[in-house]
Amino acid sequence: MEAFFRTHRYLVEHTNDPVRRTLMDEINWSDRMIGIKGTRGIGKTTFLLQYAKEHFDILDKQCLYINMNNFYFQGHGIADFAGKFYNHGGRVLLIDQVFKQPDWSQELRKCYDLYPNLKIVFTGSSVMRLKDENPELNGIVKSYNLRGFSFREFVNLLTGNSFRAYTLEEILKDHEHIIKQILPKVSPNRFFQDYIHHGFYPFFQEHRNYSENLLKTMNMMTEVDILLIKQIELKYLTKIKKLFYQIAEEGPSKAPNVSKLAQDIETSRATVMNYIKYLTDARLLNLIYPVGQDFPKKPAKIMLHNSNLMYAIYPIKVEKQEAMETFFVNAMWKDHKVNTGTRDCHFIVDEKLKFRIVDAKAPSKQRFQSDIIYARYNTEIGHGNQIPLWLLGFLY
């Protein structure tokens with residue numbers, strides 16, 4: 001047990017997250033069983049360690065961080081370890097990569113039933129369906145999603161500012177006033193293209209090639225998260241990767257041809273749709289449907305989950321308009337539902353708000369319509385129903 005505490009102290013002591021994630025204040029930390037899901041590379045480990053650093057003294061043995069990658073857990077179950085920790089006075093157990101242990105959900109249930117004064121916070125892949133696939137956790141686990149950096153967090157990190165997040169309602173109603181509070185302190189256009197290219201995943205701060213690191217992360221998402229958690233045989237990995245690449249290469253401009261995709265990777269239409277769902281759960285894709293429709297129907301559009309993926313997969317083909325639309329959907333995705341638009345708009349948000357994503361510098365003969373919100377890029381200011389696109393990066 002002492003070896004685990006030594007590792008815990010070292011990791012907490014050397015944790016330095018200059019941007020405090022908004023999820024830290026959204027979680028109800030009084031719950032006994034908390035699951036934090038997120039895609040690989042998004043900062044889940046740092047998040048757990050930051051929680052320990054904020055709430056416990058580094059020498060306080062009531063809190064302990066453990067990682068299921070430790071070979072100790074090949075011969076010892078989570079519940080057995082939790083019992084020893086609890087008997088030593090432990091009260092908060094932070095478990096990283098919980099899915100690496102077989103029968104992890106049953107083990108967590110044992111902990112919940114046997115140790116009523118023990119709180120467990122665990123991380124898992126975004127591919128995991130905590131309640132749907134693990135009925136023993138129904139009613140006892142509260143699940144949250146940790147997202148990549150918002151544009152707001154990216155700007156705060158690089159400039160030392162502490163701009164707050166705004167709701168969509170605040171932005172639509174008061175964007176001109178909000179912008180006046182931001183522009184004297186920072187020029188968003190200086191950072192926006194960098195964020196589009198490499199700002200979503202926290203590892204942009206590391207001194208390594210970002211695109212290579214992201215490609216490695218994406219491979220791990222498919223090879224470990226999807227195959228391991230969905231229990232798919234290794235021989236099907238090449239089909240999933242080929243499907244993902246073809247979707248990325250084709251872009252989101254038209255509805256996917258599922259029959260052709262099935263033919264290209266030599267499988268059935270139903271299997272293609274299942275693979276697309278897995279890639280969506282892994283936060284590699286976003287499926288955009290018409291209002292009133294959802295999976296398992298064929299989506300109207302398939303978009304990459306965030307614009308950084310576009311530059312990592314196929315950088316020579318990135319269209320700026322598509323990158324900006326991808327940013328828009330990704331920014332909205334946390335708290336809002338995005339559907340495909342009608343002929344006069346690109347997207348419908350929350351089944352009522354019409355949005356067009358437009359270039360402020362492009363010549364346009366089209367008249368601005370009062371019932372459409374124009375999210376404009378290549379500008380820092382807005383007025384009326386024309387808002388700068390970058391400001392939607394302040395939604396979280």
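The model is predicted: local features need pLDDT of at least 70, side-chain atom pairs count only at pLDDT 80 or more, and totals for chains, interfaces and linings use all residues. Residues are numbered from 1 along each chain as its sequence is written, and side-chain values use heavy atoms, with hydrogens and water left out.

**Salt bridges**

Side chains of opposite charge can pair when their charged atoms come close. The structure holds 22 salt bridges, each defined as a side-chain nitrogen of Lys or Arg within 4 Å of a carboxyl oxygen of Asp or Glu. Three of them are listed here.

| Pair | Closest N to O distance |
|---|---|
| E153 and R21 | 3.7 Å |
| D80 and K84 | 3.6 Å |

E153 lies in helix α6 (residues 151-159) and R21 in the loop between α1 (2-13) and α2 (23-26), so the pair ties together parts that are 132 residues apart in sequence. Helices (H or I, at least four residues) and strands (E, at least two) are DSSP runs, numbered from the N terminus. E153 is buried at 2% relative accessible area, and R21 is buried at 6%. Buried means under 20% relative accessible area, exposed over 50%, and partly exposed in between (1.4 Å probe, protein chains only).

D80 and K84 both sit in helix α4 (residues 78-87), four residues apart, about one turn of the helix. D80 is partly exposed at 38%, and K84 is partly exposed at 36%.

**E380**

E380 is found in the loop between β11 (372-377) and β12 (386-388). The side chain of E380 does reach the backbone nitrogen of N189 at 2.9 Å. Beyond its neighbours within four places in sequence, E380 has contacts (heavy atoms within 4.5 Å) that include I179, L183, P388 and W390.

**Largest pocket**

Rolling a probe the size of a water molecule over the atoms shows where empty space is left. The largest pocket is lined by 34 residues, with G41, I42, G43, K44 and T45 nearest its centre. Elements giving two or more residues to this lining are α3 (44-55), β2 (63-67), β4 (119-125) and α9 (210-230). A pocket is an open set of points on a 1 Å grid over the protein atoms alone, where a 1.4 Å probe fits, with protein on both sides within 12 Å along at least five of seven lines; lining residues have an atom within 4 Å of a point. The largest share of the lining, five residues, comes from α9.

Definitions and conventions:
Polar contact = N/O pair within 3.5 Å; in protein donor to acceptor, adjacent residues only side chain to side chain.
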